[in-house]
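The coordinates go in first.

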Amino acid sequence: MGLKLRRLAATLLSSPGTNSSPASAADAHQAVTRATAHHPSTAPPTAHHLDALLAFGRGSRLSASALASALTDRLQAAASGNGDAAVALKCLVLLRILLARGAFILRDQLVASLVRHPASGRNPLALAAFPLSRSFAAATWVRFSARLLELLLLLPDSSHDAADADYLTALPNPHLIAELSAFASVADAIRQAPPPSSAPQHNALIWELIRLAEEDRVAAERNIAARVQEMGERLATLTLADAVELVCVLKQVEESSSSPADWKWAGLDEAVVGQARRLRERAEEVVLRRTEQERRLVRRGTAGSVSVRVLTGGGGEAVRFGSTRWSSTRR
């Protein structure tokens, strides 16, 4: 729900009549090119270049839009032809950091550009087929990081603490379950990330992505635990559909408890997984109860649909009632 609202707001703020000026567009492309230069190919963007990009979010909406367009243009260019994994990885690092630390207007413009590129109409993060020809390790991390960023876009807006009790209490059950599912998807994706052992020790760019992915895993685990606890207090209020959905999501959480033996990525903490397992067992009981209640209602409705004929008046006119409590006839 949060992503839909952000998409709508970003689309309204990015109407055709409010394109960025040539000057701001040129400045944004220059800043992005400097921050994502191919050489050195194993170094992440510098703090100086990052600060320069963050400054675009402290200006007008036009400057923020110009930066978002420049960054997604650069990412798409890096993915074309034989692919430039170093440039693509630097773009993905910057996008991940800007979405977390950028000003509100910059985050909205980035979301709009990443969901649908303004010029091509394509999804800039659809990099599952990024070429593997030059550097297998780097290209593999491009594919993974782009997919992870897609999942991060589905999370609640980072402007507030998503694990805050007051925030969670205000969420309707379907929204709370949807957010739990989104965080579970992030945790599961990171569990299946390329093994850190495959990253060259000298490649600080890949290791920066590994560090960011570990931050996302820890944050996902914290938010999963908060939502499992909140759902545990709401079981009695769940509908059958919500209870079934919750059971499916909690199974996904349980499956994220361990990593493939040779990949060395930490799964979710066993305490969190155990809490999810106990909640899933309770939710399954709710499903059984709700199912039985609905069966009873169906049977009762079927019995009630057999109308009782009641004769009224001297003409013997028949009147039908939907309830069997009208068991006598009048004449």
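Entry on the model. I am working from a predicted model.

Entry on salt bridges. I searched the whole structure and got 16 salt bridges. I then looked up some of the pairs.

I took Asp188 and Arg191 to begin with. Their closest N and O atoms lie 2.9 Å apart in a salt bridge. The two sit 3 residues apart in helix H9 (residues 173–191), so about one helical turn separates them. I found both Asp188 and Arg191 buried.

Next I checked helix H10 (residues 204–232). Arg217 and Glu221 are 4 residues apart there, so about one helical turn lies between them. They form a salt bridge, with the closest N and O atoms 3.5 Å apart. Arg217 and Glu221 are both buried.

I also looked up Glu230, which bridges to Arg234 with a closest N and O separation of 2.9 Å. Glu230 has 13% relative accessibility, so I list Glu230 as buried. Arg234 is at 9%, so Arg234 is buried too.

One network turned up: salt bridges link Arg96, Glu208, Arg211, Glu215 and Asp216.

Entry on cysteines. How many disulfides does the count give? I got 0. I noted Cys91 as buried, at 0% relative accessible area. Cys248 is partly exposed, at 46%.

Entry on Thr36. Where does Thr36 lie? I placed Thr36 in the loop between helix H2 (22–35) and helix H3 (47–55). Its relative accessibility is 0%, so Thr36 counts as buried. Beyond its neighbours within four places in sequence, Thr36 contacts Arg74, Val87, Lys90, Cys91 and Leu94.

Technical notes: Residues are numbered from 1 along each chain as its sequence is written. This is a predicted model: local features need pLDDT of at least 70, side-chain atom pairs count only at pLDDT 80 or more; totals for chains, interfaces and linings use all residues. Side-chain values use heavy atoms; hydrogens and water are left out. Buried means under 20% relative accessible area, exposed over 50%, partly exposed in between (1.4 Å probe, protein chains only). Contact means heavy atoms within 4.5 Å. A disulfide is a pair of cysteine sulfur atoms within 2.5 Å. A salt bridge is a side-chain nitrogen of Lys or Arg within 4 Å of a carboxyl oxygen of Asp or Glu.
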